[in-house]
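Me: Could you walk me through this structure, please? I would like to start with the surface and then move on.

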Amino acid sequence: ARPPRVLSGIQPTADSFHLGNYLGAVRNWVAMQDDVDAFYCVVDLHAITAGHEPAELRRRTRVSAAQLLALGLDPERCTLFVQSQVPEHAQLAWVLSCITGFGEASRMVQFKDKSQKQGADRSSVGLFTYPILQAADILLYQADQVPVGEDQRQHLELTRDLAQRFNNTFGPAFTVPAPYIVKDTAKITDLQDPTAKMSKSSSSPAGIIDLLDEPARSAKKIRSAVTDAGREILFDTENKPGVSNLLTIYAALSGHTIDELLEQYDGKGYGDLKKDLAEVVTAFVTPIRERTRLYLDDPAQLDKMLAVGADKARAVAAQTLAQAYDRVGF
Ligand code: ADP
Ligand code: NA
């Protein structure tokens, strides 16, 4: 039997991925490469739905691709590509938008949240139809599985509904994808506000470990992380979110279990934990940063790798689109 096809995407909307992106998403992408037929996509079409600056987008798209390679995606074992280089995404999105109900699209919670923040007149129609483009991303590759976090569940549900609706109305064209519940992903919180998730939109840069930061800077951020009242090292996300977050990062990067770490730090203080974790983080980010630099320093080679990825993706996407167009009557 052929391995399951998996599609996952990440937006190039920051100058660097942070440790939360890695431990919550990309690490799993790397781990899945050999077990599944993986298509990984830097979704730059999605990145223009909320306003952008062209030179910045171009830079961020390349940095994202370079970082994904530096973090361990291997173009020999997965298909890594940039969404805008595969025009079928936008083409299929149009067809799908014509079988999506306006009311149905209006029920997407993420749009409601984002447009509430931006104001209705400043929110683009692209932001509104974002989940339809996401459905096209998935259906083009006949993905069997899609890794989803809680926040993406509703969008995957829409994707499934659209696939079924199209297949029933026009004849079979799409695999109906199943959610893939990712085990072993860590939720990383902000180092300065451990009740909030680590995010590129964090209020304080000291709260996030950017994977392109100077390693000494990352070490300092760990050492200055907000910890909790008391002195005992316990894993208790409710009452000791700061220390628990450090333990989560430590476990994920070292391969130790939380229990092993608790034993190791029994009777020791927060300072000991932070000092050691600062070293673990430094050892992790230093080679990642160097490898990212190497990819960015050879733009021709990076472009070539992405062109190969886009060709591989297109071979599949064009076939699906041709089939869908035929069913529709084009
Ligand atoms: P951000 O929150 O920084 O804007 P994105 O929303 O672009 O990050 O998320 C990209 C991917 O990284 C998603 O799969 C998301 O679930 C994951 N991710 C982002 N922040 C974290 C975090 N703090 N902990 C775990 N996973 C995260
Ligand atoms: Na593979």
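**Surface charge, ion site and salt bridges**

Reply: Lys114, Lys117, Lys187, Lys197 and Lys200 come together on the surface as a patch of positive charge. Please note that this is a predicted model.

Me: Where is Lys200 found?

Reply: Lys200 sits in the loop that runs between strand E5 (178-180) and helix H8 (215-223).

Me: What is the average pLDDT of the chain?

Reply: The chain has an average pLDDT of 95, and 100% of the residues score at least 70. The model also has an ipTM of 0.95 and a pTM of 0.95.

Me: New topic. Which protein donors does the sodium ion (ligand 2) have?

Reply: They are Gln33 (O), Val36 (O) and Arg77 (O), which lie 2.2 to 2.6 Å from the sodium ion. Along the chain, the donors of this ion follow the spacing Q-x2-V-x40-R.

Me: Where are Gln33 and Arg77?

Reply: Gln33 belongs to the loop between helix H1 (19-32) and strand E2 (37-42), while Arg77 belongs to the loop between helix H2 (54-70) and strand E3 (79-82). The two are 44 residues apart, and the pair links distant parts of the chain.

Me: And how many salt bridges does the structure hold?

Reply: The structure holds 14 salt bridges. One of them joins Asp144 to Arg2, with the closest N and O atoms 3.6 Å apart.

Me: What does the pair tie together?

Reply: Asp144 is in the loop between helix H6 (125-140) and strand E4 (145-147), and Arg2 is in the segment before strand E1 (5-10), so the pair ties together parts that are 142 residues apart in sequence.

Key. Residues are numbered from 1 along each chain as its sequence is written. Chains are lettered from A and ligands numbered from 1 in the order in which they are written. This is a predicted model: local features need pLDDT of at least 70, side-chain atom pairs count only at pLDDT 80 or more; totals for chains, interfaces and linings use all residues. Side-chain values use heavy atoms; hydrogens and water are left out. pLDDT is the predictor's confidence in each residue, from 0 to 100. Patches are made of residues with over 30% relative accessible area and no salt bridge: like charges are joined within 9 Å, nonpolar side chains (Val, Leu, Ile, Met, Phe, Trp, Tyr) within 5 Å. Accessible areas come from the Shrake-Rupley method with a 1.4 Å probe; for residues, only the protein chains shown count as cover. A salt bridge is a side-chain nitrogen of Lys or Arg within 4 Å of a carboxyl oxygen of Asp or Glu. Lys and Arg count as positive and Asp and Glu as negative; His and the chain ends are not counted. The place of a charge is taken as NZ of Lys, CZ of Arg, CG of Asp or CD of Glu. Helices (H or I, at least four residues) and strands (E, at least two) are DSSP runs, numbered from the N terminus. Donors are N, O and S atoms within 2.8 Å of the metal (3.2 Å for Na, K and Ca); water is not among the atoms, so sites may look incomplete.
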